[in-house]
Amino acid sequence: MNANQKSELQQLLEKNAYGTGLSPEKQSRAHQLIANPDLSEKNCWVCEISRPDDTQKAIFDTGLCQGHARYALVTRK
């Protein structure tokens, strides 16, 4: 993947948070991607701030672990 390209999950999270929201099908797809992630070598940035002694690996280019990605999806933040 090109460094300038965003993953499908990152695109869905951004559309959900800053756009019109997601259709039920897109919501389901986002949950599937979160459940079966490609993890990066980096830690979740939210974990590092909120619970530095219990950080989780981030999902590829989202910067979020599975738990925080689910939270972002549900809360539209």
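This is a predicted model: local features need pLDDT of at least 70, side-chain atom pairs count only at pLDDT 80 or more; totals for chains, interfaces and linings use all residues.
**Stop 1: the largest pocket**

Select Leu13, Trp45, Leu64, Ala72 and Lys77. Among the 14 residues that line the largest pocket, these five lie nearest its centre. The space in this pocket comes to about 210 Å³. Now colour α1 (8–18), α3 (45–50) and α4, the elements that each give two or more residues to the lining of the largest pocket. Which of them gives the most? That is α1, with 6 residues. By residue class, the lining of the largest pocket holds 8 nonpolar, 4 polar and 2 charged residues.

**Stop 2: the second largest pocket**

Clear the selection and pick Ser7, Leu9, Leu33, Asp38 and Ile59. They lie nearest the centre of the second largest pocket, which has 11 lining residues. Its volume is about 170 Å³. How does the lining of the second largest pocket divide into nonpolar, polar and charged residues? The lining has 6 nonpolar, 2 polar and 3 charged residues.

**Stop 3: Arg76**

Show the backbone here: Arg76 is not a glycine, yet its phi is positive, at about 60°. Then show the surface. Is Arg76 buried, exposed or partly exposed? Arg76 counts as partly exposed because its relative accessibility is 39%, and that class lies between the cut-offs of under 20% for buried and over 50% for exposed.

How values were computed: Residues are numbered from 1 along each chain as its sequence is written. Side-chain values use heavy atoms; hydrogens and water are left out. Buried means under 20% relative accessible area, exposed over 50%, partly exposed in between (1.4 Å probe, protein chains only). On a 1 Å grid over the protein atoms alone, a cavity is a set of points where a 1.4 Å probe fits but cannot get out, and a pocket is an open set with protein on both sides within 12 Å along at least five of seven lines; lining residues have an atom within 4 Å of a point. Grid points are joined across faces, edges and corners, and a volume is the space filled by probe spheres set on the points. Helices (H or I, at least four residues) and strands (E, at least two) are DSSP runs, numbered from the N terminus. Ala, Val, Leu, Ile, Met, Phe, Trp, Tyr, Cys and Pro count as nonpolar, Asp, Glu, Lys and Arg as charged, and the others, Gly among them, as polar.
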